[in-house]
Amino acid sequence: MTEIIVIGAGPAGVAAAVTAAEAGARVTLIDENSLPGGQYFKQAALPAPASLPPTLAENFRQGQALLAGLSHKNITFRGNTLVWNVTPDRTVSLYGPAGPETLAAAQLIIAAGAYERVMPFPGWTLPGVMTVGGAQLLLKGQRLLAGQRILLAGTGPLLQVAGVQLLEAGAEIVAIAELQPLGSIIARSPRFLGHRDKVKLALNNARRLKRAGVPVKFGYAIVRATGENEVSGAVIARVDAAGHPRPGPESALAVDTVCLNFGFAPDTRLTQLAGCKHHFAERFGGWAAITDDNMETSQPGIFAVGEVRGIGGVEAALPEGRLAGQVAARKSGYRTDESAGPTRRAARRARALVGQLNTVFAVKPGLMTLAQDDTLICRCEEISAGQLRAAIREGITTLNNLKPWTRAGMGRCQGRICGPILAHLLAAETGLEAQSAGQFTVRPPVKPVPLSTLLPQNNNDEVAHDK
Amino acid sequence: MASVALFPGLSDELGLDIEYTQAGNLRLIESPEYAQTMQTDIGRQQDLGLDVRWLNADDVAAMAPALAPAAILGAGYCPTDGHVNPFRLTVGYFQAARRAGADSLIGREVRAITQTDGGGAMVQAGPHTIRAATVVIAAGAGSAALCQLMGVPLPLTPFCHQSMITEPLPPLFAQMFGTLPAGLYFRQTTHGGVHFGGGDSIRRAEAHTTPQTLRYMTGRITRLLPMLRGVNVLRAWGGVDAHTPDGMPVIDRLSEAALVATGFSGHGLALGPIVGRYLARWLETGRKPALLSPFGAGRFKAAL
Ligand SMILES: Cc1cc2nc3c(=O)[nH]c(=O)nc-3n(C[C@H](O)[C@H](O)[C@H](O)COP(=O)(O)OP(=O)(O)OC[C@H]3O[C@@H](n4cnc5c(N)ncnc54)[C@H](O)[C@@H]3O)c2cc1C
Ligand SMILES: Cc1cc2nc3c(=O)[nH]c(=O)nc-3n(C[C@H](O)[C@H](O)[C@H](O)COP(=O)(O)OP(=O)(O)OC[C@H]3O[C@@H](n4cnc5c(N)ncnc54)[C@H](O)[C@@H]3O)c2cc1C
């Protein structure tokens, strides 16, 4: 039995592991990436390159400070290791360089992060259309530019953050198409008054984009991507308050890359497999694991921290990780002196801000009308919007019914990409709230693994069944 | 047998390809002690007029070269068996019912069924109330609770069955395979994935997988198909079915206004179409078809 297992070595998981280890507990930290750091500190575990653009250099410094804690003797880091199944009794199935393995944890901390949301439109499956995170990964990981002439489209502050990073790295940003009209962002800006540093950062980004002559188009959406074998053009258009394209002129842009981000969705696959309860709200980015003040889920001994609890950003992930690390160590019989009060307050404050951002930069239902009947929605199984709409007209109202009906969500990604889109499609077609579509039931393995991973590991597996 | 005769025409009848593949069923023998049992089984089934025969190891190898020859001693072979895509079968029937004029309410749980004064039934499904002359309870593992509501307790137990599917592969075989002793079945779907299941079904109402059962099934299938070891598994899942003490369904009248058809005990896919057909006849004529007489609820009187 492992004292504490932490799944996910992003800011939340690393903070949890370090805190618990410092309290004396033995921790196994697992990540499918070879290096710790997660989404935000992706490359910080490597020596910083000599010359880095200023925004990336700052990111490296923060990350290195956090990851230094992982050298604690109580921490075993297992990289390149996918957790493909978790059960409510805290059995964790691994697939990694050490071969298949099953571990049992006395306390389990799930810090699996989030994934990016995208919305479909004609041409969104063309090569050269990618997520903003994908472009950042190329930049942080391999110092590569995703393209030379880039359109960033979607909604949220990340578009401008990434715009500045790509600009610094030498790309031409042809335009940024932000779904929300500037007026509606400003009208809601008093909500951010208590976060002056963040507002300053945002204004700073806006100024730098302006100086570089990047057109930031508020109240616009990408309505089409064009090209033969890869993207060579994109069309953006004004949208109304509900997200429907307005009649009127469109702008055609010559681009070689389109980067999309429509916010994030918590990655709840592991907490769902573990049987934890979830709730839905736009301010969490959709479905998120429910926890108490100690970050413990509805399943005793299973904690959820960081993005899994709802999209909250790095500044929520770090204190939440520390909190879970403390509580899990205490439950394992170790004493911790850190007082939980300030940590909890820091997490709440960060969440309050990001929660506001998530509502201000919400996806709009009218965008679903962009998908034509022949636009693919489920890319793995190649299911089109038309096929899905036909099924919905037959009375389907939930993701779980749509799946066997149409095969959408049955492919390799198990609906990770199309799930949030399908929820919007159901809402748009039925007029019901997005949450009434429910979540896809998660089936193990969370990602495809070779069957050899599931071979019997000892004789017990035989005895129980050969009767 | 009546059910088998129904399947080949179903895609046409329903207007949707149910991916029916009729290439026979092989029940594989892996250890000598079961060869004799199989021979006896075959004899019995032949007496019933079923076309089944014994295949020796060479016959099996010739018929399904993808299987590991060393692992198999022989098989019982029934050439008329087949397999279908269960989703398409269900969707096909649903759409056909709609075309024939049936109304539907999906995503609503029935919580109350009451008898009305006029001899009909009143069904409460979420905010909807539906009145009908007859209600048919065919709610799988949910049937026990509904029959209880009607005041007729039935000895139904929920059992969870588990199965897995691999990533799509080039065509390997068209037949359906099982084993003796039971514990594993597999087929290749039209999509290309090898779909396999088995293990012990577990007595519980929750539809989820158990790592031990998944490992057991994997151990068994990779002995017969070693090439699968390196193939990705896409999905493992569990589903719950209502089981009866004798493994046969319950198809009977519960009251003046209610019929029940459930307790398929893990065989409802094969039996569903034929049972549905006879139920429809029953509703139409008001007379219970003789074929359904062995499935009365009365046979459980002693068990309750
Ligand atoms: C593209 C992008 C840009 C962002 N930009 C900003 C920004 O500018 N400012 C900001 O405040 N926040 C930003 N965020 C959010 C920020 O990255 C997160 O808030 C932060 O990383 C905290 O997340 P976390 O620790 O909860 O999860 P993550 O950092 O996402 O870490 C989760 C880890 O879990 C691992 N994992 C998941 N599932 C499994 C599994 N089954 N088996 C093994 N390992 C698994 C993943 O590999 C990953 O390393 C951004 C996020 C993304 C995706
Ligand atoms: C993994 C697995 C493999 C199987 N393999 C085979 C096979 O190879 N061959 C074979 O013949 N059979 C097989 N079966 C069994 C077969 O699936 C079942 O016997 C069959 O589905 C039973 O059909 P049914 O209509 O009685 O019930 P179900 O298919 O369970 O349908 C019942 C329906 O009623 C609904 N319902 C329940 N309660 C309520 C309520 N109160 N209100 C409203 N709706 C309600 C449920 O949501 C469900 O949709 C397998 C089953 C599983 C899980």
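**Figure 1. The interface between domain 1 and domain 2 of chain A.** About 1400 Å² of area is buried between domain 1 of chain A and domain 2 of chain A, and carbon and sulfur atoms give 62% of this area. Leu56(A), Leu353(A) and Gln356(A) together supply 35% of what domain 1 of chain A buries against domain 2 of chain A, more than any other three residues. The size of an interface is often given as the accessible area lost when the parts come together. The structure shown in this and the following views is a predicted model.

**Figure 2. The domains of chain A.** The domain assignment divides chain A into domain 1 (2–115 + 265–358), domain 2 (118–262) and domain 3 (371–437). In the contact between the two domains of Figure 1, 17 residues come from domain 1 of chain A and 14 residues from domain 2 of chain A. The centres of domain 1 of chain A and domain 2 of chain A, taken over C-alpha atoms, are separated by 29 Å.

Figure 3. A nitrogen atom of ligand 1 lies 3.1 Å from a backbone N or O atom of Glu32(A).

**Figure 4. The surroundings of ligand 2.** Ligand 2 is surrounded by 19 residues, of which Val110(B), Asp241(B), His267(B), Gly268(B) and Ala270(B) are the closest. Strand 8 (157–166), strand 12 (232–243) and helix 8 (268–285) of chain B each provide at least two residues of the shell. The largest share, three residues, comes from helix 8 of chain B. The shell around ligand 2 comprises eight nonpolar, eight polar and three charged residues.

Figure 5. A nitrogen atom of ligand 2 is found 2.7 Å from a backbone N or O atom of Val110(B). In the side chain of Asp241(B), an N or O atom is 2.5 Å from an oxygen atom of ligand 2. A backbone N or O atom of Leu269(B) lies 3.1 Å from an oxygen atom of the ligand. The protein covers 63% of the 990 Å² of accessible area that ligand 2 has on its own.

Figure 6. Most residues other than glycine have a negative phi, and most peptide bonds are trans. Gln414(A), which is not a glycine, has a positive phi of about 55 degrees; this residue is in the loop between helix 11 (399–406) and helix 12 of chain A. The peptide bond that joins Pro444(A) and Pro445(A) is cis, with omega about -5 degrees, and Pro445(A) belongs to the loop between helix 12 (418–430) and strand 22 (449–450) of chain A. A cis peptide bond also leads from Leu180(B) to Pro181(B), where omega is near 0 degrees. Pro181(B) lies in the loop between strand 9 (176–180) and strand 10 (184–188) of chain B.

Methods
Residues numbered from 1 in each chain as written. Chains lettered and ligands numbered in written order. Predicted model: local features only at pLDDT ≥ 70, side-chain atom pairs only at ≥ 80, totals over all residues. Heavy atoms only, no water. Polar contact = N/O pair within 3.5 Å; in protein donor to acceptor, adjacent residues only side chain to side chain. Domains from an automatic or database assignment. Contact = heavy atoms within 4.5 Å. Buried area = accessible area lost by both parts, 1.4 Å probe. Near = heavy atom within 4 Å. Areas by Shrake-Rupley, 256 points an atom, 1.4 Å probe, with all protein chains shown as cover. Helix = DSSP H or I, 4+ residues; strand = E, 2+ residues; numbered from the N terminus. Nonpolar A, V, L, I, M, F, W, Y, C, P; charged D, E, K, R; others polar.
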